[in-house]
Structures are given as structure tokens and as C-alpha cells.
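Open the structure in your viewer and keep the selection panel at hand. The stops below say what to select next and what is there.

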Amino acid sequence: MLMLRFQFISILCCATMISGSALAIVPEEILAEQIDQQFAELWKRKGLTPSKLCTDSEFLRRAYLHVNGRVPTLAEVETFLKDEAPDKRNQVINALVGGPGYAEHWANVWTIRLNGRQRGGENETLFYMLYDWFEEQLTRNTPYDAIAGQLISAQGSSSQDRSIAFLARWSESPQNMAGRVSKVFLGVRMQCAQCHDHPYEDVKQEEFWETAAFFQGIRVQRPRRGSAPWRLSQSGNGRLRIPDTDKTLSARYILGDAPIAKQAERRRVLSNALTAADNRYFSLALVNWMWAQFMGRGMINPVDDMSLGARQRPMHRAAYNLLTDDFIAANFDLQRLMRVIMKTEIFQRSAEPNGTNRFDRTHLSKASPRAMTPEQLLNSIVEIGGFNDMVTNSMNRGGTGGQYVRRLRQQMKTFITLYDNDEMGEVLDFQGTIPQALFMMNSDIANRFVTYENSPISNIAESREGMKTRMEELSLRILSRPATAGERRRFRNHVNNAESKLQGFQDVAWVMLNSTEFFYIH
Amino acid sequence: MDTPEHLSRKDFLKVGAGGIVGVIMAGTNPVMAMRKIAAQKRAKACILLWMGGGPSQLDTFDPKPDTMNGGMFKAIRTAAKGIRISEHLPKVAEQMRELAIIRSMTSREGNHDRASYLLHTGYTPQATVQYASLGAMISFEMGDLNAELPSFISINGSSAGPGFLGPRYRPLVIGNAGQMPGNIKPYGINEIRQYKRWRLLDRFEDSFDKRRDSSAIVAHRDVYEKAQRLMESKLTKVFDVSNAGSKQVRRYKLDNYFGRGCLVAKRLIEVGVPFVEVQLGGWDTHSDVFNSVSGLSSQLDPAFAALVEELRADGMLDETLVVWMGEFGRTPRINERGGRDHFPGAWSVVMAGGGVSGGQVIGSTSDDGMEVKDNPVQVQDLFASIGQSFGIDPKKELVTPEGRPIAFAKKDAKVIDQLFG
């Protein structure tokens, strides 16, 4: 809405006319190449030589962390490193995106994006409700326009439709809901126009309230008991008064000429207009966000406040348009978009700089190491530590695995609060904090996996294999790469001088787990 | 402050994040430079009492009983002649001779995120610069990076980040006020084994660093260093309030987290930490404002009063600036749900110590509370005044890694002279 006037949009719209013929669907690999070419030209202009491609180990770890939210298992690493197929990277991408583990992790990413990380009480109930809904949509690969449309217009009982958990989370006021919708689905924070005209862009206070009016009259009924359904309903006439004024406004879609919406289903009017294929801004915002998930920065930044970035010329606008055109032409296919991004060489660059690109922070001529999100970190610990096996074993013995699952959930919650990011919202760049380092060094869960009986680590320590093989396994398991000769030597010395072999291996595992290399996606 | 060491800090900053490390390794200590000019009443430390959500000025420090927008609370006399505040802040009222109330704060941000950012950094969010929060700036100016405890600690909430100053000035966030930080003890291993692990980790990290080039990676090692220093520090005992005397238990009301936070803040200042933020959330009272605010006041009142009283009794108040604020005020008009909504137009901030003359009110609002009547104070003026309290020239510029100078407060910011008069 109202974004016709945003500068970044006008820049992009010009470009679209030029690339407007690209509406036919091309194979993903070709599209990825076209995007690479655009970047190659940019680097040439800027005098940058791109870093070489990352190693297979780095690629695999990156791919798994991005798609499945965890590091690859020992078996997955071994299989991939042995594979000699020239297109093995693309094969892994095809298998991962949409494969087992994808929906689970991305349901979490999406739910955090929509409802925030803040847990506890009602937020938590709604979080898991929305999570379940997303897991289903992502498994089915529901097109993004349908997902967005449903989230904006959802109503009824949560026993029928769990997607109400998004608006219910922000139902405190129409302003809140409108602000969240514009932030998520258009990449624009409108809420600052609540009290006054937008300070940077041509967004009028009245336009904000006309948008908010779509959400007027929403009522959320909370259940008396924890497990009973929630209900979201809407009545009213879609009119809102700007506080402390005498001005009353009607719901109006301010991007186009859509009529004033008075009926109770007025949100349907909004969602139809917003997600229509000719509303390019809707797709631009999503592509920008998705790109940033994989590359660490958006085509336009900040990702959730693109209007702020409006004055930055999107340097990669041709590539941005290629991706956006394809996303629309391919019927808003989230999985395809993800695969294309991963198949570019840009995604597969090494983080090691060369003489020309040491200081490149914006042109993606090298990968920039990024800290794992708390979810990625904890899921990886769970995988490496064999906690999933513990749950399975407990179930095989007739148990429920419940104590482990409960324990993990609890730990997850504590763990996330150790990251002190503002408002616990959606953050791309997590940086370690002191409490998080203390957790990794000293907590029960981060240590238990090196100590419990029959853990993968104690199995390695007690295995009859030679020292070299055992070091190799430990390194592949935790760091997804073979150990270097120097590391093997140092670690062997440490193990030989430790009080027991078991303690020695525990120490080595502890060191790997607490290393920068483990903590970062690089 | 323009000692040669300091100039070199600035120069180093200009070359980017790698440069910051160089300076820190050199071990400069701006505190030493500051001490030389400490002859006047100058703050050396700051405690920020952050009222997340935006506290209602009319129901706390700018009461207007018996007016249309006045609400349900009465106003009571305070120790300072002629100044009245909410009846739910009786203990704070006793300390009023130490407090200055600014009733004419005015800003334009009515959104929580943006306003919190503004009041924490002095600037509205911009795409191209990550501004540094007050805590990071004060710890940059006053802190010692080699101290056992981090120089920016935030209790009960996360404050705002260090922005362009970099992750070294990120706050240590304490979630469980009054207890030792979590996971501070090694897990089931003795000290010798712990040191061996740390040494092995160091060697491992060295080889990783050589292959990469990233300030983020440098930051990670720094965080581990700090965490390990914290594990070894004896000073961490100040986080644990279980040993507090019964008098303090009563005074601060240690049964609630804000009370515990205030006591810990005072102890942290005592051991040399230059900036502590203590948060009390829940002020976003869109409905049922009177019940909510009287409840919150029962936590705020004893702790705020005890903090000021003890700082004074221990002779620390002159060097400790205490600031009470949230991100904005609340609408004078009471809405249909008995609540008040966001209102950045006219609201209140309270300050004490650090050279601030207490027992005064600065500025005022109209009878209906809708606008500032006189002495409007912008956020930038507030920041300039906080700088003034520390003897920091508000126009002093810090340089971002991209080489862009950022002033502690903008050129047109005015120090509120009346505060220090």
C-alpha cells in the first residue's frame, strides 16, 4: 500500500520493464547462473575478485543449517564427501528443500517472523498453534500468496483454523495488527505514521489509520482452559477515529482504487489486493527477506524496514528483479525460490578473503560468517549429542521419551533468553553474549552430551579404532570436516596426557563445541 | 578527555573493527583521564531505571487531580516545597529534595520499538548507522575493558545494543535479578582440567582465525574471554542478594525483581561498574491504567527511594547519575477501556545525583496534559545533559567503523542548565 511513492519501488519498477520478458519459467540452475552473472558484472565494476567457492564440508554444513536448522549427521557428511557426482551440491539442495526436516525448521523460522520469539503464557500457546499450522503449509508447499492471504483474513475457531494465531497475537489494537501486517508482508514499518505523518516517506497519518481500519472490530475470545480453542471474530463497520482528533476514517486500500470496505469480511478485500500478482511490492518484500536469510543481508536493508533503505539504490537490482519475476511467474513457490538462491555461486562462496575483497561487506563477493540462531545451535547440539537417539531408544523400550523432550523444550526456552537481542524479535545477526558463552561452556545440556554413557562421544572414546580414525570421526561429527594434521597431533597429545581416554575425548569434544568455527555458519 | 591516548583511540576506530582490537590490546584507560577532572561534582556512573512500555506521567510524576484527564489518583506533598507527585509514590516523595522532575519532555515517536531506540540512543533508527546506546557510550567513555565485570550491565531486560561501538560494549544481561548469573560454575570438572580445556580451545581458535577475516569472529573470542574472566571473578558475589540484611530486604522490597535489581545495581556501582540499567516492564497500560499503575508503583516506590537514599548515605550520589524514564508517556485522555495509549507529545523524566540539583521541576504541561507549556525538552537535550553530568562535551564525536562521526548529542542540542543550577 502507499508504496507507489517509495523511491525504491520506483527504481525497481523501471527495471522490471526492462526485464519484463523474463516471465517464462526457466530451469533453476539457469536462473541461478543469470543471477551469478549479474553479480559478476557488479564485482567487475567495483574491482572485486570474488572469493573461491567454499569446500564441500562448508557447503554441506551451510546447506543443512539453513534448510534443516542443524548440522549434518556423521553419515550425511561421509556420504557427501565420498560422492563424486559433479552436480552433487544441486542434488543435496533438491533433496533438502522440501525434504524431512525442512518444514519443521522453517515453520519455526516463519513463526518467529510472524509472532516473535517472546514466549511464555498466551504467546507460547499461540506460538505453537501457528507453528503447527505452518508445518502443514510448508509440507504441502502452499504458495506464499495463499499463506499470506489466509493469515490476514483468518477467523473462526482455532480448532478449525489455527492460522488465527497470528492476528490473535497482535490483537491488542487495530494499529498493532496493521503495523505487523505491513512490516511482515510489505517490509514497511507503517506504525510510525500512527501519531504523525511518516518522517521519511510520504505516508500520511490518515493512510495509516485507513489501513488499521481493516482490523477494526476484531474480537479474540481466549479459552478458559489451556487446551480449549481460541476464537477470532470481527464485526463493526470498518471505521476508526484517530485518537485525540475528531477525524473518523474508513478502511481503504490505499495503494490502488479498491473501494472502501465496510463489510465484516473486509480483511478479505485487503488480503486479495495485497497478494494479487500485480502487487509487486508483496513479492519484493518476500524475496528480499528470503535472500537475507541465506546471504546475511537483504537486497535492500534493513529487511523489515525497507522504506528506511529506500534511499539506498539497490545495487543488485537486476538480480533482485530476476528473482522476483521468477517468484511471481512460478506461482509464489517458496521452495523453488529457496533452491534457486542456494544454487547460486554467491551462496556457495568461501568466507576467506583475497587481496581485493577483504573489506567488501555489501557486495557478497565473499561469504560473511554469521552466528547460528539459538534454534540452529541447540538443534545441532541435540543432533551431535545423540539426544534424538535417546528419545527414540526410550520409546523403543516402551517409554515416551517424554522426559528428554520436556527437558529439551525447557532448555530451549532458557537458551533463547540468553540472547539479549532487543524485543526478542526476528534478528539476522546473532552475536554471542556472555550468558550464552557460559551456557555453552558450563551448562548441563551442553556438557551432558560429552559425559553420558553411550553418548556418541563416549562411544568414540571407548572404540577400538585407531586414534586417527577416532579423531576423524569426532571432527566430522561436530565440525562436519576432516581434522587437519596439526589438530590431530595436538588433540592426540591432549588425550594421551589426560587422566583417562574418556576425559581426553570429552575435552576435545568440549573444545570443538565451544569453538568459533562451531558457533558460526561460515 | 583529549589525552593523547584518547586521540589514538579515535584514530584506531577510524580504521575499522580490526582497529578497535588494536586499541584494546594497548590497554588505554579513559577512566584515568576522567579522574583528573573529577574535582567538580561529576558523575562517574549511571543507573538507568527503565520503565518499559511507557509510564503514565499523569499517574506518577505530573499529577493533575480533579481535572478532566486527571484520573483516579490523588497528589501528595513531597519533601520539596511545592512539588506534588502521585499518592502511590510516598517513599519517593520523601526523597524529592534529591530529585529533579522534567515535566516537559517531548518527542515524536509513538511506536515502542522506535521510541525505545530513540530514548536509548538519542537518535531515531536509520538505515545506514547503528547508533550506540547510552549504556554503551558511557561504558566506552568511562569503562575499563580489562575490568573483571563488564562495564555495561542490564538487569531484567536487554536494553539496547552497542551499535557502531561494536560488540565489546554490548551489555551483560541479567535475567534473574538477585541471583548469581546462570552457568557461572564449571560443570563437573576441577580447575586444572578447566584451564587445560581453555588452553586447548585457545590454540584451536588461533588456527581458525588465521584462515578467516571477520570482526564477528574476533567478537566471539572476546565474549569467551569476558565469560572466563567473569567465572574467575570474586566480584560476582554482588549479584547474589540472598545475604542482604533485613533492613535492605524491607527497604528495597527484595521480594520483587525490580527491588532486587536496584540493590544489585547499587552494589555494581560500588565495585566500579559505570553503567547499570534496571528494567521494570508492564507500563503499556492500554486498559485498566489505574490498577496497573498502582501495582507497578508499589514495586517502583520503595526500590527507587531506597536506591537514592542509600547512594546519598554512602556518599555516592554525587558521582552517580540516576535516570528514571520510559520510551514515552501516555495519553491524557482516558480511553473506553479505562486505559491510556501511547503519547510522545508531553511526558516526564526524573533525574537524581551526578551533579543534578534536586527538589525542582523543569517545564510544565497544560492543564489538560495535552501539551508542553514551557521549557520543552527534546530527547537530544536530555542526552546532552546526561553527557554534561559526566563532563562529556555533548559535541564530542565518536567515529563509526565507516568513518562517519557521530556526536554524543547533536549540535543543536541544549544542555538543560537548570538541572545543574
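This is a predicted model: local features need pLDDT of at least 70, side-chain atom pairs count only at pLDDT 80 or more; totals for chains, interfaces and linings use all residues.

Residues are numbered from 1 along each chain as its sequence is written, chains are lettered from A and ligands numbered from 1 in the order in which they are written, and side-chain values use heavy atoms, with hydrogens and water left out.

Select Arg280(A) and Asp325(A). Their side chains form a salt bridge at 3.0 Å, N to O. Arg280(A) belongs to helix H13 (residues 280-295) of chain A and Asp325(A) to helix H14 (residues 317-329) of chain A, so the pair ties together parts 45 residues apart in sequence. Helices here are DSSP runs (H or I, at least four residues), numbered from the N terminus.

Next, select residues 102-115 and 174-186 of chain A. These are helices H6 and H10, packed at an angle of about 140° with axes 10 Å apart. Axes are lines fitted to C-alpha atoms over the stretch in contact, and angles run from 0 to 180 degrees between N-to-C directions. H6(A) is therefore oblique to H10(A), the class left once angles under 35 degrees (roughly parallel), over 145 (roughly antiparallel) and 65 to 115 (roughly perpendicular) are taken out. From H6(A), show Ile112(A), Arg113(A), Leu114(A) and Asn115(A); from H10(A), show Arg180(A), Val184(A) and Phe185(A), which complete the contact (heavy atoms within 4.5 Å).

Now colour by chain. The contact takes 64 residues from chain A and 61 residues from chain B. Two salt bridges are counted between chain A and chain B. Select Asp507(A) and Arg193(B) to see a salt bridge at 2.9 Å, N to O.

Conventions: Helices (H or I, at least four residues) and strands (E, at least two) are DSSP runs, numbered from the N terminus. A salt bridge is a side-chain nitrogen of Lys or Arg within 4 Å of a carboxyl oxygen of Asp or Glu.
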